[in-house]
Structures are given as C-alpha cells and as structure tokens.
Amino acid sequence: MDSFLGGFAAAGATDAVFYGVDSYKTQLQAEGGTGTARRWTPARVAGLFRGAGPVIALGSAPSIGLFFAIYDNAGPALQHAGAGDGVATIAASVMGAVPASLIGNPADTVKKQIMVEGHASFSSAARAVWKAQGAAGFFRGYEANLLKDVPFAGIKLGLYESLKYWYLRAARKAEAGSLDTAAIGMLSGVASAVLTNPLDVVNTRLKAAASGVEGAPRGFAAELRHVAQVQPAALLSGVVPRGCILGFGSSFFWLVYAVVKRGTGAIEAR
C-alpha cells in the first residue's frame, strides 16, 4: 500500500507542477515543428492547464501508483526466485508498465484532445471522443502507449537503479540521501526522455486523431513510417520540454515518492 500511495502522490504532485510544460510538449509533437504556428498569448498560456485536475486524478496518479505497487513487490520476488538484479528490474518494470499503461490511456487520450483540438474542458473532449469512436476511442493509441511505456519504464528504472548502485558503491554509502536521489533521478530521466521521444511523438499523433478529425486512423508502425518518411525531424519534436519534465520532474518525483513511502510505511508499522 505504501508503494501505491507513494507513486500516486509523487505522480500527482509532479504532474501538477509540470502539467503546462507537458501540454506544450504535446502541441509541439502534434504540430511536428517548433510551435511557431501559434502566437503566445495569455489565453494560450492559460489553456495549457485545461483539464489538469481530471487528467491527473483519473490518469497519471492512479496509473503510476499501480505501477509502483507492482514494481516494488515484483522486483524482490523475482530476485528471491533467482533472477539477477538487472533482469529483475526490467521484468518488474514491464509487469508494472502494462496494466499501468492501460489504466492511464483514456485520460491521456482526452488530454491530447484538449491540447491539440482546443476543447474547453475535460468533459467536452471526452464527449467528442465518445461521439466519434465510442469507448474504443479512449484506447486509441494503446499499442503506441505500450510500445512507449514498456521500454521507457525499463530504461528509466534500469538506469536509475544502475546509477544508484554505482554511486553508492563509489561513495561507500549504504543509502542514497535526498540530493543523491534527485541527481540520479534527473540523469536517468533526461536519458530516457531522449531515447524514447520518437515513440512519444507517435503516441501523441495517434491520440490527437481520436475524435476522428484527422482522417483514417493509422496504426503505430504505419504512423512511425509516415513521420519518418515525411518529416523525420518531427520524431524529435518536443524533446526539450520532455527532457525538462523527465529531468527536473524525475528529481522531484523521487523525492516525493521516498518521503511518502517512508511516511506511510512508518504508519503501517505502528
């Protein structure tokens, strides 16, 4: 329970802080360019925060909470069964990422609609998706979500655990402090952001079409080929804000996660 609460609280807090930056990243990826097509106005800035409450409460917070509830329990169990540290980390990441991706997909699809199509609220975007494609529309891009989230989770957690292990060994420490955790989280976050950005671009473009406004839907592989052939540079669109989110955001996330997990663990032990 402490892992779920830690992940839920950390994801909720981190997404609340970086929601506007993530929304800007989404617009860049959907436009496939530099974002200069739209002028910056007070209304556009305010629009970057539309739907924040429902998107976080119904999507990112519970999905990340579920991920860590599975990851924190599966990893030690796999190690106890004889798996090496690296194998256990990657396998536990995959086990957590698959259901977490499914849980978070509907809210993420609605968010993409809000940011790209300009819906005024979470509810109006959700109605547009339902009207166009029914319940299936909320899972548009789920294939892309899996192909993004599974390697992302493996890379991010694998890098985090490896960097943490080597740092503790080099520094001859038994446990990483708060600043150590923040620095390690930032490094692993930036690296995983850059490596998986093309997958995130395809994910965004597929979900932007969930209301049916962008013509016949393409699958993940077809969309990836299309972008690579027509505008290959677009596969790196949004990489700077995404790097900021997963760099600074990861530092903030791991700090909150550790604090909440320790706090809930202490309460449960009483």
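In which helix do Asp22 and Lys25 lie, and how many residues apart are they? Please go on from there to the salt bridges.

Modeller: The model is a predicted one. Asp22 and Lys25 both belong to helix H1, which spans residues 2-31, and they are three residues apart, about one turn of the helix. Their side chains meet in a salt bridge, with an N to O distance of 3.2 Å. Lys25 has a relative accessible area of 5%, so it counts as buried, the cut-off for that class being under 20%.

This pair does not stand alone. Asp22 and Lys25 are linked with Lys111, Asp200 and Arg242 in a network of salt bridges.

In total, the model has nine salt bridges. Another of them joins Asp72 to Lys261, with the closest N and O atoms at 2.9 Å. Asp72 lies in helix H3 and Lys261 in helix H9, so this bridge ties together parts that are 189 residues apart in sequence. Lys261 has a relative accessibility of 27% and is therefore classed as partly exposed.

Two or more lining residues come from each of helices H3 (52-80), H4 (85-117), H6 (142-171), H7 (178-208) and H9 (239-269). H6 gives the largest share, eight residues. By residue class, the lining holds 16 nonpolar, nine polar and seven charged residues. The space in the pocket is about 810 Å³.

Two further places complete the account. Arg172, in the loop between H6 and H7, has a positive phi of about 55° although it is not a glycine. Most residues other than glycine have a negative phi. Arg172 is exposed, at a relative accessible area of 80%. Val45 is placed in helix H2, residues 42-47, and its 40% relative accessibility makes it partly exposed.

Key
Residues numbered from 1 in each chain as written. Predicted model: local features only at pLDDT ≥ 70, side-chain atom pairs only at ≥ 80, totals over all residues. Heavy atoms only, no water. 1 Å grid on protein atoms, 1.4 Å probe; cavity = no way out; pocket = protein on both sides within 12 Å on 5 of 7 lines; lining within 4 Å. Points joined across faces, edges and corners; volume = space filled by probe spheres on them. Helix = DSSP H or I, 4+ residues; strand = E, 2+ residues; numbered from the N terminus. Nonpolar A, V, L, I, M, F, W, Y, C, P; charged D, E, K, R; others polar. Buried < 20%, exposed > 50% of the residue type's maximum accessible area, 1.4 Å probe, protein only. Salt bridge = Lys/Arg side-chain N within 4 Å of Asp/Glu carboxyl O.
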